[in-house]
Amino acid sequence: MIDKSKVTSFLSLMSQASKALLLPVIGITVFLVIWSIAANSINTSLGKFPGPVAVAGQFGALYQEHNAERVKAEAFYDRQEVRNAARLEADPTYKVKVRAYTGKETFLDQIFTSLITVMSGFILAAAIAIPMGIWMGLSPTLNAALNPIVQIFKPVSPLAWLPLVTMVVSALYMSPDPMVSKSFINSLLTVTLCSLWPMMINTSLGVANIDSDLVNVSRVLRLSPLTHVQKIVLPASIPLIFTGMRLSLGVAWMVLIAAEMLAQNPGLGKFVWDEFQNGSSESLARIMAAVVVIGLIGFLLDRGVLALQRWISWDKSK
């Protein structure tokens, strides 16, 4: 005899699976069809606008270029090793010089560079914004003093910050043998300045709106300020802190791409601008491939922070 409850449960599971998988697949398929039809009807100075097939082809080409560049790099280091060994054999006092390969950065290299930069800037911004937001949330006086500054600088475009950051870094960072390049510092600080504010505002809001019962419990137990923050403030305000972090990471990623395009700093933004300046018949498809990757990375970064929130938060439903 068939168990009706199991059949109902199975049908419910199938319905949920169709909503979770089938509907997104249908949406993406419709989007690709509309994109393909629209691309065929758009003629630019570089030829037809690239459709999904042309863009997919460029992903393969970009990967092959990356592999070819790695082969060149390995050959360079092999030649350098042989040359140094020959010089040492001829002159045992010779001081071996190891030079880094300076070939063209590939698409994958640019992705890696952008990810390192955005996460460095985001972590630096979080290290400043979250403690400051907690302090502002706990102290109405400090909040009243700093809130006007936050509101003034919050809407400032990265295009305005970038020249200032570049000038300041050029003036202060003058090491003859720098550990990291100036371009990396410029991009990192620009990302940090633009992603501070959402985290700071949401953290202060979360802390300021903690349930009064929790605050009273802390007072009754006479918790120290540090324990109050650890046991009451942080667990209760985690949802808004992570909301601010997700907003900030989205801002950071957009700001970084814009800064790399404007300042020609290494990364995906520079790749897009270089391809635009290149103007070959494949440039549009390569730019579109970069746009898809930029969107996909932005989505994955957001999902990553959301997963971290669910792992840390005591309330797994949020």
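The following legends describe close-up views of a predicted model.

Figure 1. The structure holds seven aromatic pairs. One of them joins F107 and F271, whose ring centres lie 4.7 Å apart. With 50 degrees between the planes, this pair is tilted.

Figure 2. W273 and F276 form a tilted pair, since their ring centres are 5.4 Å apart and their planes meet at 40 degrees. W273 is partly exposed, at 32% relative accessibility. F276 is exposed, because its relative accessibility is 53% and the exposed class begins over 50%.

**Figure 3. An aromatic cluster.** F76, Y77 and Y101 together make up one aromatic cluster.

**Figure 4. The largest nonpolar core.** In soluble globular proteins, nonpolar side chains tend to be buried together. The largest core in this model has 50 residues. Those that touch the most other members are F107, I130, M199, M245, W253, L268 and I297. Two or more residues are contributed by each of α1 (4-40), α2 (52-90), α3, α4 (140-153), α6 (182-208), α8 (225-263), α9 and α10 (283-312). Helix α8 supplies the largest share, 13 residues.

**Figure 5. The surroundings of L268.** Leaving aside residues up to four places away in sequence, L268 touches F107, Q110, I111, S114, W253, I257, E260, V293, I294 and I297. L268 is also among the core residues that touch the most other members, as are F107, W253 and I297.

**Figure 6. The packing of α2 against α10.** The axes of these two helices are 9 Å apart and form an angle of about 90 degrees. The helices are therefore roughly perpendicular. On the α2 side, the contact is made by A54, V55, Q58, F59, L62 and E65. On the α10 side, the residues are A285, R286, M288, A289, V292 and V293. By type, the residues of this contact divide into nine nonpolar, one polar and two charged.

**Figure 7. The position of S248 in helix α8.** S248 is buried, at 0% relative accessibility. Apart from residues up to four places away in sequence, S248 touches F122, S195, P198 and M199. One of these contacts, M199, is also among the residues that touch the most other members of the largest nonpolar core. S248 and Q277 are 29 residues apart in sequence, and their C-alpha atoms are 30 Å apart in space.

**Figure 8. Two loop residues with positive phi.** R222 lies in the loop between α7 (212-220) and α8. Its phi is near 55 degrees, a positive value in a residue other than glycine. R222 is exposed, with a relative accessible area of 76%. Q264 lies in the loop between α8 and α9. The phi of Q264 is also positive, at about 60 degrees, although Q264 is not a glycine. At 29% relative accessibility, Q264 is partly exposed.

Methods
Residues numbered from 1 in each chain as written. Predicted model: local features only at pLDDT ≥ 70, side-chain atom pairs only at ≥ 80, totals over all residues. Heavy atoms only, no water. Phe/Tyr/Trp six-rings, centres within 6.5 Å; stacked < 30°, edge-to-face > 60°. Buried < 20%, exposed > 50% of the residue type's maximum accessible area, 1.4 Å probe, protein only. Core = buried A, V, L, I, M, F, W, Y, C linked by side-chain atoms within 4.5 Å. Helix = DSSP H or I, 4+ residues; strand = E, 2+ residues; numbered from the N terminus. Contact = heavy atoms within 4.5 Å. Axes fitted to C-alpha atoms, helices over the stretch in contact; angles between N-to-C directions. Parallel < 35°, antiparallel > 145°, perpendicular 65-115°, else oblique. Nonpolar A, V, L, I, M, F, W, Y, C, P; charged D, E, K, R; others polar.
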